[in-house]
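Here is a short briefing to read alongside your structure. Please keep the viewer open as you go.

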Amino acid sequence: MQGRGKRDERLPKKTEMTKCAMATPSPAKSMGDPGITPLSPTHIQVRDTDQNAQTGASFIVVVAIDFGTTSSGYAYAFVKEPECIHTMRRWEGGDPGVSNQKTPTTILLTPDRKFHSFGYAARDFYHDLDPTESKQWLYLEKFKMKLHTTANLSIDTELHAANGKKVKALDIFAYALAFFKEQALKELSDQAGADFDNADVRWVITVPAIWKMPAKQFMREAAYKASLVCRENPEQLIIALEPEAASIYCRKLRLHQMVDLGAKTSMNGYSPTDNVGSVMTQAKEHVRRNRQSRTFLVENVIGELWSELTEGDRYVVVDCGGGTVDLTVHQIRMPEGHLKELYKASGGPYGSIGIDYEFEKLLCKIFGQDFIDQFKIKRPAAWVDLMIAFESRKRAAAPDRTNPLNINLPFSFIDYYKKFRGHSVEHALRKSNVDFVKWSSQGMLRMSPDAMNALFKPTIDHIIQHLRELFDKPEVTDIKFLFLVGGFAESPLLQRAVQDMLQGRSRIIIPHDVGLTILKGAVLFGLDPGVIKVRRSPLTYGVGVLNRFVEGKHPPEKLLVKDGTRWCTDVFDTFISADQSVALGETVKRSYTPAKPSQQVIVIHIYCSEKERVAFISDPGVRKCGTLRLDLSGTEAPAPGVRREIQTLMQFGDTEIRAMALDVSTSRSVKASIDFLSQ
């Protein structure tokens, strides 16, 4: 485990190391080894091949689930045919003006809270219920965002159904994953002509890169609850980061599988002077024609676009989904084409549902917040109808559009408004000072293109602002390509805004089947999880320790005198710093000692901060974010007088943080776990 290399410049000098060896982390007294020990390349190589050997031997198929804010789906590939990615069977149902390659992330529970249906089936059934009956049923949509927006996420976090009733978030996520498990296994069984065993599946679930550890762990807990995998075999499930998955897929793109908005020459027969919208329309048509097969052939070599990249070239992936926008900066490493993350993932809750909220705000302005709030609770199915009607018009918005967009108002909206206010919808529109929205005699809201574009503006402005900030970072210079992916990337308004911002600094590439890019990339990631070799830590992680008190260096209020020895409390012992690059398989090593020989469990609090340098766990911005638990039960205690040392290894280079531990005296492994949820 030697091979410290240049990474150790920030470590204390030898004299300080002996001092630190006497440091006592709280709450358990411990021996702290301050050295980060990167594994030498041969070690990493060995680990990788081991992992891949295990992948190849134990799984027959990789199934990826793209659990999106607005729509979800699955895809799979057999380990023996990694170049064939199969997307799920076509879903029943669908909306006019919306392609149904995925299904809406909507779920319906019966009045006694049992799972009823998911996706189009849930929406259609709920819609057909009698209004008095539908109030008893629990219907949920766009609930994934709760994991990003909840500050202190826990196993007990609750969601609100459309009727206002509360339900445990973990149950809902588990129901959804169980639904996809059942669908995928059924499809695999039909194909195999016999029951397909779940043990032969490696599952991959995609999450936004900007999600914090509690949200990732929550997804894993939901997978355990759904029996997707069992707790004893955590390796069967991989959490994939959405923009990473997109990045992996984009490497395989052929020229006929994408639109190049920055191209000077025509591509796929489209001229770059064509307006953005028409290019995407032609691209969608191309995809639709090729969609009958549902099987995508991926080049086992590198795609044509990729062949233009050389060692060290950089590109940005902008993943614009329903809920979040994720930005990732990758650099290519030749000859294998491995990827290295150059700057920690950034982004925010700027997905396309922001436009739905703006539409809702517009309705409140016209009809009154009190009416809209009542209508949503009293006629929940009609509200869903109205938002479906808005969705298809939203997709028709384009920069150069001149004709108005008509949105059907459900009859029950018109009827309920008259009962509620005592006058007509038409009267409300005339009275409101909203210029761009008129009433048409066919019972529709008629929106001018400017009014529709105004609904997009706040969300797109956020994305462009974020891109500007990213491109101003010193690490983010000379970006060759910008890949625009995710369902929202289809929006011509967003495409135009990105073009205007970049001013030709990078080529903008949009894969044809842009809504399925992440799904297909997640399958490729499941087949080869070692493809991303270096990531950046999003936060600084560490623990609180006691160090010998040094006059003049340590603040006097931190002084603790114990058995005649002067200690400084609350010292932040950094495991890894924010934006530090960390290689796959690289470990951080610490040793801990139980306070009492009979102690069965050591619990150590983990702290985190967005700042790179942290001195004390009491510094502003530092918060307790998790616990490291070392379970010593079942390992024999050492002889009296012998100090027991538990060596802990933590891995930060993967999509999730992992811990392993060893009892040094017996060389027996100790059960180690990191929990970010039970705070």
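The points below cover a helix pair, some strand pairings and the salt bridges.

This is a predicted model, in which local features need pLDDT of at least 70, side-chain atom pairs count only at pLDDT 80 or more, and totals for chains, interfaces and linings use all residues. Residues are numbered from 1 along each chain as its sequence is written, and side-chain values use heavy atoms, with hydrogens and water left out. Helices (H or I, at least four residues) and strands (E, at least two) are DSSP runs, numbered from the N terminus.

**Helices α11 and α13**

- Helix α11 (residues 369-378) packs against helix α13 (residues 411-421) at an angle of about 125°, and their axes are 11 Å apart. Axes are lines fitted to C-alpha atoms, for helices over the stretch in contact, and angles run from 0 to 180 degrees between N-to-C directions.
- α11 and α13 are therefore oblique to each other (under 35 degrees counts as roughly parallel, over 145 as roughly antiparallel, 65 to 115 as roughly perpendicular and the rest as oblique).
- Residues of α11 that meet α13 include Phe 371, Ile 372 and Phe 375, and their counterparts in α13 include Phe 413, Tyr 416 and Phe 420. Contact here means heavy atoms within 4.5 Å.

**The sheet of β19, β21 and β20**

- Three strands form an open sheet in the order β19-β21-β20, with antiparallel pairing. Two strands pair if DSSP finds at least two bridges between them.
- β19 (405-408) and β20 (437-440) are the edge strands, each with a single partner, so one side of each has no neighbour in the sheet.
- From one strand to the next, the twist averages 30°.
- β19 and strand β21 (residues 444-447) run antiparallel and are joined by 4 bridges; Leu 405 stands opposite Met 447 in β21.
- Helix α15 (residues 449-471) lies across β19 and β21, at about 85° to β21.

**Strands β30, β31 and β34**

- Strand β30 (residues 601-609) runs antiparallel to strand β31 (residues 623-631), with 8 bridges between them. Tyr 607 has Lys 624 in β31 as its bridge partner.
- β31 also runs antiparallel to strand β34 (residues 668-675), joined by 5 bridges. Thr 627 stands opposite Asp 675 in β34.

**Salt bridges**

- The whole structure has 27 salt bridges (a side-chain nitrogen of Lys or Arg within 4 Å of a carboxyl oxygen of Asp or Glu).
- Glu 242 forms a salt bridge with Lys 144, with the closest N and O atoms 3.0 Å apart. Glu 242 is in helix α8 (residues 242-250) and Lys 144 is in the loop between β9 (138-141) and α5 (145-149), so the pair ties together parts 98 residues apart in sequence.
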